[in-house]
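Subject: Structure handover

Hello,

Here is the structure for your files.

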Amino acid sequence: MPSAPQVAPEILHFYGSDFDEATRLTGTADGRLELVRTRELLRRHLPGAPADVLDVGGGPGVHAAWLAGDGYGVHLVDPVPRHVEAARRAGIAAEAGDARALSAADGSYDVTLVLGPLYHLLEHADRARALAEARRVTRPRGLVAAAAIGRYASVFEHTATTLLAKDRVHDAVRDILTTGRHDPGRKGFTAAYFHTAAGLEGELRAAGLGEVALYGVEGPGWGQLKAVEQYTGERMAENHSAFEAALRAARLTDGYPDLLAAASHLLAVARR
Ligand SMILES: C[S@@+](CC[C@H](N)C(=O)[O-])C[C@H]1O[C@@H](n2cnc3c(N)ncnc32)[C@H](O)[C@@H]1O
């Protein structure tokens, strides 16, 4: 029997104490843009409620909460105890677990979300295992939606924020561009893999998933939001003209594959 997969300790530590994932999608304008767009893109594909959704790597349950509000039955899996506890406090059924070895039965969910695990699995074989598990637990013709961090997100982000001025950050970004990998401690994030759009689509297809639709979640305007918040100290509401512009740009550029490279996150929605 294969041994149970181990989540890298630096990832457990990052989400367990260094970083507050519970406010990532609400505390900044680019986070809110990610939330609004992920929600609208998923709603475009989801079957009508009620349907059963497995939220793998669901964190503290920000997406699970609106899905439950929409009438879906949601079950969340995450390896970080703090996330599982937060999800349960929000009224979401949640268990500790790993995307590579799910406890769910074959074909038991209408929709499986993998919005996070793929970018914390640095080895191709681990991502393949996570996608094979997502496919296994999804019913035939059900949906699998997987998120990735874009390969070019770091260069856009650090141009706007740290100005790529420190060698340490500059070199970490350079290595992400070349290899897709970020090793912990080099810049302010934990161990991560950054996908190209073609790489993400290829991984889903190799896992036996079809009819893959690809989206650039935040579109091309998210770095601008980060820069405005950083340089003005202002907290931008969703009715701020710059937020509305970034949202319009994201919607406008859906369907232009070249611009997938400009988004911070990629979302792939596929059918089993
Ligand atoms: C950035 S958060 C995303 C949370 C949420 N799904 C979202 O889209 O906002 C990444 C999540 O992946 C989880 N994660 C990391 N490695 C994982 C693994 N091997 N299996 C399942 N989840 C994992 C983390 O604990 C964290 O909750």
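A residue counts as near a molecule if its C-beta atom, placed from the backbone, lies within 6 Å of it. The model is predicted: local features need pLDDT of at least 70, side-chain atom pairs count only at pLDDT 80 or more, and totals for chains, interfaces and linings use all residues. Numbering starts from 1 along each chain as its sequence is written.

Ligand site. There are 23 residues around the ligand, and G57, G59, A99, L115 and G116 come nearest. The shell has 13 nonpolar, seven polar and three charged residues; here Ala, Val, Leu, Ile, Met, Phe, Trp, Tyr, Cys and Pro count as nonpolar, Asp, Glu, Lys and Arg as charged, and the others, Gly among them, as polar.

Helix α4. Helices are DSSP runs of H or I with at least four residues, strands are runs of E with at least two, and both are numbered from the N terminus. A residue is buried if 20 or more other C-beta atoms lie within 10 Å of its own, exposed if 12 or fewer, and partly exposed in between, with C-beta atoms placed from the backbone. In α4 (residues 81–89), H83, V84, A86 and A87 are the buried residues. They fall within an arc of 165° seen down the helix axis, so they line one face of α4; the arc is that of the directions from the axis to the C-beta atoms. P81 and R89 are exposed on the face turned away from the buried side. Just after α4, G91 has a positive phi of about 90°.

Cores. A nonpolar core is a set of buried Ala, Val, Leu, Ile, Met, Phe, Trp, Tyr and Cys residues joined through C-beta atoms within 7 Å. The largest has 67 residues, and strand β5 (residues 138–150) gives the largest share, seven residues.

Regards
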